[in-house]
Amino acid sequence: MFRQLDFRSWLTFLSRNRLYTAVNFIGLALALAFVLLVADYTARQLTVDNYQTKADRIYAVCSEESVASGYYLQKHLRDRYPEIESTCAVAFFEDADAGSTPVEIGRQKFLASVLYADTTFFRMFDFTLLEGSREEALAARENVVLSESFARKVFGTFNPLGQTLRVDNDERVYVVSGVMRDIERSTIPAADIVMRAERITENNAANDERMSNSGAGVTFLLERQGAELQAKVSDMLAFFQEIYWPYQGNVFQQVRLVPLRELYFEPVNNSYKLAHGSRSFLYILLGVGLVVLVFAVMNYINLTVAQAGFRAREMAARRLLGASRGNIFLKWMLESTLFCAAALLIASCIAELFVPWASQLLGTKVAVWSDISWSVAGWCLLAVVVLGVVSGLVPALLVARYQPIDICLLYTSDAA
């Protein structure tokens, strides 16, 4: 049986039919490269914030129109509702685009994106700290945490802990107390610097306790274990109508607590600087990827069936040497699977080559090779087997049904 599964004849056939091999292989590899990019993008979109261990208890306070709220809203909620374990306000630099905040480190000047967050930020969210303590990273008002990429850009291999910097012509000196891995796959966008959120009250007088600025940032609530914070929404609405001017003036009429896992695709998450996605666009892109894959498989089947006749004599010889129809069928299926595996390997290289372009086009990071794990490798192996079986089924059935006498008669008539 194992002699019947020798692939040397198949490789010889492919080498002698280079044009057929090139068209079939390149077409399948390009299609699979596109599918890999779509698959990686889809997986990243659907797993946003899934790594947050407290995600099931984290909610964003939203209205029917916006995810943003006043900075001091968290204080009023924390004082009123014992169901809240902790709160965290997150904000971005006002009147500045991402990456445009001047930062002075030593005698060097840089432009950076700044995220403002409360001291509970690293206790509520599971962003990885590479240097520093989660408890102490933002303990002092002058503490700042740098992203890994920004720290490497500024300090290289030098340890940045304890180094000082100034932000946006501020006379205050800030101390680097931690380095965090760049934020990925989160509703909270990546930032070069994380610093204490109280600074927004110093930059803008409207961020006062009366919450004159109702769009200062996003208020996150961490629900206590076993509590039912969603049951307090109607009471929150009545409370907001007493203390919060957008509700007093009927600008907003609803209070919504949106779970962190749902926030990325939440329709109201389009009025602030949080990362957000579109399910409709995701499904359209996924559908396009599936269509491309189907057409690639159909093209492979058509070309393979068209070439099946050229290997009929080989299959007849194998039958005469004792190979069963099952051996022929299995051999053809294994050849198809190996062909798909090689195409997928090349496709991954092509996809990785186009990662920067795809990331720019889609507006979010795509990382084919970086996202490979044991589970992903297992799914890829399963996909190769399924793709090989589907692609090789029709040609295998066609070739396996040939009888040696049929081939002999065919070549006898051709000779005559």
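This is a predicted model: local features need pLDDT of at least 70, side-chain atom pairs count only at pLDDT 80 or more; totals for chains, interfaces and linings use all residues.

Reader: Which other residue other than glycine has a positive phi?

Author: R185 has one, with phi near 50 degrees. R185 is found in the loop between β9 (174–180) and β10 (193–196). At 31% relative accessibility, R185 counts as partly exposed.

Reader: Thanks! Now D49: where is it found?

Author: D49 is in the loop between α2 (18–46) and β1 (58–62).

Reader: What does D49 touch, leaving out residues up to four places away in sequence?

Author: With those left out, D49 touches A55, R185, S186, T187, L260 and R261. So R185, the residue with phi near 50 degrees, is one of the contacts of D49.

Reader: How far from D49 is the nearest side chain of opposite charge?

Author: That side chain is R261, 8.2 Å away. D49 is buried and has no salt bridge. A salt bridge needs a side-chain nitrogen within 4 Å of a carboxyl oxygen, so R261 at 8.2 Å does not pair with D49.

Reader: Let's talk about salt bridges, then. How many does the structure hold?

Author: The structure holds 17 salt bridges. One of them joins R152 and E148, with the closest N and O atoms 3.0 Å apart.

Reader: Where do R152 and E148 lie?

Author: Both are in helix α5 (residues 148–155). R152 and E148 are 4 residues apart, about one turn of the helix.

Reader: What are the accessibilities of R152 and E148?

Author: R152 is partly exposed, with a relative accessible area of 47%. E148 is also partly exposed, at 26%.

Reader: Which partner does R166 have?

Author: R166 forms a salt bridge with E171, and the closest N and O atoms are 4.0 Å apart. R166 is partly exposed at 32% relative accessible area, whereas E171 counts as exposed at 66%.

Reader: And what about R256 and E266, how do their side chains meet?

Author: They meet in a salt bridge, 2.7 Å from N to O. The pair links distant parts of the chain: R256 is in strand β12 (residues 256–259), and E266 is in the loop between α9 (260–263) and α10 (279–308). The two are 10 residues apart.

Reader: Is E266 buried or exposed?

Author: E266 is buried, with a relative accessible area of 11%. R256 counts as partly exposed, at 27% relative accessibility.

Reader: Changing topic to helices: at what angle do α1 and α2 pack?

Author: Helix α1 (residues 8–16) and α2 pack at an angle of about 95 degrees, and their axes are 5 Å apart. The two helices are therefore roughly perpendicular to each other.

Reader: Which residues make the contact?

Author: From α1, F13, L14, S15 and R16 take part, and from α2, R18, Y20 and T21. By class, the contact has 3 nonpolar, 2 polar and 2 charged residues.

Reader: What about L146, where is its place?

Author: L146 is in strand β7 (residues 143–147). L146 is buried, with a relative accessible area of 0%.

Reader: What does L146 touch, again leaving out residues up to four places away in sequence?

Author: Its contacts include A151, F155, P160, L165, V176 and M180. As for distances, L146 and E131 are 9.6 Å apart in space, C-alpha to C-alpha, and 15 residues apart in sequence.

Reader: Last one: what about the chain as a whole, how many helices and strands?

Author: There are 15 helices and 12 strands in the chain. Of its 416 residues, 47% count as buried. Among contacts with a separation of 6 or more, residues 24 or more positions apart account for 78%.

How values were computed: Residues are numbered from 1 along each chain as its sequence is written. Side-chain values use heavy atoms; hydrogens and water are left out. Buried means under 20% relative accessible area, exposed over 50%, partly exposed in between (1.4 Å probe, protein chains only). Lys and Arg count as positive and Asp and Glu as negative; His and the chain ends are not counted. Contact means heavy atoms within 4.5 Å. Axes are lines fitted to C-alpha atoms, for helices over the stretch in contact, and angles run from 0 to 180 degrees between N-to-C directions. Angles under 35 degrees count as roughly parallel, over 145 as roughly antiparallel, 65 to 115 as roughly perpendicular and the rest as oblique. Ala, Val, Leu, Ile, Met, Phe, Trp, Tyr, Cys and Pro count as nonpolar, Asp, Glu, Lys and Arg as charged, and the others, Gly among them, as polar.
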